[in-house]
Amino acid sequence: MNSQTKIEEAGFTPASRIAAIGVSKILQIGARAAAMKKDGLPVIILGAGEPDFDTPDTIKAAAKAAIDRGDTKYTALDGTPELKKAIAEKFRRENNVDYALDEITVATGAKQILFNAFMATVNPGDEVIIPTPYWTSYSDIVEICGGVPVLIPCDAEAGFRLKAEQLEKAITPKTRWVLLNSPSNPSGAAYSETDYRPLLDVLLNHPHVWLMVDDMYEHIVYDGFRFVTPVAIEPRLKSRTLTINGVSKAYAMTGWRIGYAGGPKALIKAMAVIQSQATSCPSSVSQAASVEALNGPQDFLKERQASFKHRRDLVVSALNAIPGLACRTPEGAFYTFSGCAGVIGKVTPKGKRIEADSDFTDYLLEDAHVAVVPGSAFGLSPYFRISYATSEAELTEALKRIADACAKLV
Ligand code: PMP
């Protein structure tokens with residue numbers, strides 16, 4: 001992948017399944033920014049993919065109670081009955097979808113759900129259609145599992161959304177999955193029911209293609225956007241759809257590592273085979289906390305949404321006031337994915353020509369001490385991603401520095 005740097009160590013040869021993959025660009029930038037900060041430079045990091053809020057106290061209390069009553073042992077392989085029940089109720093209450101307990105799986109983060117699903121289904125050479133920009137892990141996990149990511153560019157003009165004609169054209173006899181993520185990391189774009197409908201119609205005509213949907217940012221949407229998951233729109237696809245979600249983003253629980261999914265029983269069973277040899281089960285304490293997250297009070301979700309919306313508006317308007325940048329207003333998540341075509345070809349005060357978005361983000365880190373991630377890391381250029389899950393003061397200062405840095409380009 002062009003967004004990655006290969007692992008190279010003298011005397012060590014990695015297995016071929018990871019030879020072309022390596023350490024993610026996002027982690028590399030994060031490490032470089034952290035090192036600069038340690039050296040005393042005033043670096044502002046807008047790279048993190050996690051809410052800056054704390055896990056709510058009620059959820060922490062449920063975890064403490066679980067420890068005290070001895071819920072500290074292995075649990076059922078792919079989730080405790082209590083958590084599966086809470087997930088089934090969540091799917092019914094919030095998504096209008098019915099999943100039985102044996103159609104639900106719980107793993108160590110949604111990332112492991114993706115990994116289990118691809119490991120359990122992808123044979124060498126099988127294709128997985130992924131619209132770009134995409135969350136970097138998607139293509140890497142597919143490749144580790146021996147599959148072939150088929151990347152379809154969906155730029156800002158297309159609202160960063162896949163169109164039915166593009167999907168139809170990309171499907172081959174080897175297509176195993178289509179992977180859709182709404183709201184999206186990194187673009188923040190979301191699919192309404194109207195956006196989804198033509199895509200689901202295409203899938204109805206191709207019974208060998210399965211649909212994987214990543215609803216991780218469901219609760220972070222703005223301006224009255226009505227979140228909907230595909231199975232609720234088209235129940236005929238339920239028998240070949242995996243609906244992925246998790247507690248990381250909505251409940252500020254990234255470190256607890258709990259993700260879950262609903263899907264057909266046979267797929268859920270196959271995923272359990274992978275999990276049984278990888279982790280045995282997700283953390284018992286985190287599962288108890290997640291029961292409280294899903295069953296407990298939900299009112300803080302609205303407050304946090306309002307706070308994210310305020311920051312989204314601040315960042316989008318500041319970016320659009322900078323000549324050379326153009327930012328579409330995202331419907332959800334906590335990222336902006338701004339175009340930077342207007343700075344490509346310009347020259348920095350040190351005489352370096354900006355040839356690509358990664359040159360621009362390198363320049364922002366070196367000159368403005370602001371760490372952001374280039375579009376190339378997400379498979380679409382020239383763009384860059386800002387995570388605005390940080391304080392308003394930091395965002396204001398970072399945007400001022402970006403504006404000053406852009407003004408210095410000739
Ligand atoms: N899906 C998307 C779109 C994400 O951005 C992330 C986290 N960055 C995940 C899934 C994985 O979340 P987790 O493993 O923490 O549940």
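**Entry 1: E127 and its partners**

I looked up E127 and found that its bridge partner in β5 is T175. On the β4 side, E127 stands opposite V148. Before going on, I noted that this is a predicted model, in which local features need pLDDT of at least 70 and side-chain atom pairs count only at pLDDT 80 or more, while totals for chains, interfaces and linings use all residues. I also noted that residues are numbered from 1 along each chain as its sequence is written.

**Entry 2: strand β3**

I checked how β3 joins its neighbours, counting two strands as paired if DSSP finds at least two bridges between them. Strand β3 (residues 127-132) pairs with β5 in the parallel sense over three bridges, and I129 has V178 as its bridge partner in β5. With β4, strand β3 pairs in the parallel sense over six bridges. A reminder to myself: strands of a sheet pair through backbone hydrogen bonds, either parallel or antiparallel.

Is β3 enclosed or open? Six of its six residues are buried, so β3 is largely enclosed by the rest of the structure. Here "buried" is a count: 20 or more other C-beta atoms within 10 Å of the residue's own, with 12 or fewer for exposed, partly exposed in between, and the C-beta atoms placed from the backbone. Both faces of β3 are covered, with E127, I129 and P131 on one side and V128, I130 and T132 on the other.

I also followed the chain from β3 through helix α6 (residues 137-144) to β4, and these make a right-handed β-α-β unit. Right-handed means that, with the strands pointing away from the viewer, the path from the first strand over the helix to the second runs clockwise.

β5 pairs with strand β6 (residues 210-214) in the parallel sense over five bridges. β5, helix α8 (residues 193-204) and β6 make another right-handed β-α-β unit.

I picked W177, which is found in β5. W177 counts as buried because it has 23 C-beta neighbours inside 10 Å. What does W177 touch, leaving out residues up to four places away in sequence? Its contacts are V128, W210 and M212, where a contact means C-beta atoms, placed from the backbone, within 7 Å. W210 is also the bridge partner of W177 in β6.

**Entry 3: the whole sheet**

I traced the strand order of the open sheet of seven strands and wrote down β2-β8-β7-β6-β5-β3-β4, with mixed pairing. Its edge strands are β2 (104-107) and β4 (148-153), each pairing on one side only. On average, neighbouring strands of this sheet are turned by 20 degrees against each other, direction ignored. For such angles, axes are lines fitted to C-alpha atoms (for helices over the stretch in contact), and angles run from 0 to 180 degrees between N-to-C directions.

At the β2 end, β2 and β8 (residues 259-262) pair in the antiparallel sense over four bridges, and A107 has G259 as its bridge partner in β8. Helix α4 (residues 81-95) lies across β2 and β8, running at about 120 degrees to β2.

I then looked at helix α14 (residues 392-407), whose buried residues are A398, L399, I402, A405 and C406. Seen down the axis of α14, they fall within an arc of 125 degrees, so they line one face of the helix. That arc is taken over the directions from the helix axis to the C-beta atoms. On the other side of α14, I found A393, D404 and A407 exposed. What covers the buried residues of α14 includes β1 (44-45), α12 (299-320), α13 (357-368) and β11 (370-371).

For helix α3 (residues 57-68), the buried residues are I59, A63 and A66. They cover an arc of only 60 degrees around the axis, which puts them on the same side of α3. The face of α3 turned away from its buried side carries D57, K64 and D68, which are exposed. Among the elements covering the buried residues of α3 is α11 (284-295).

Methods
Contact = placed C-beta atoms within 7 Å.
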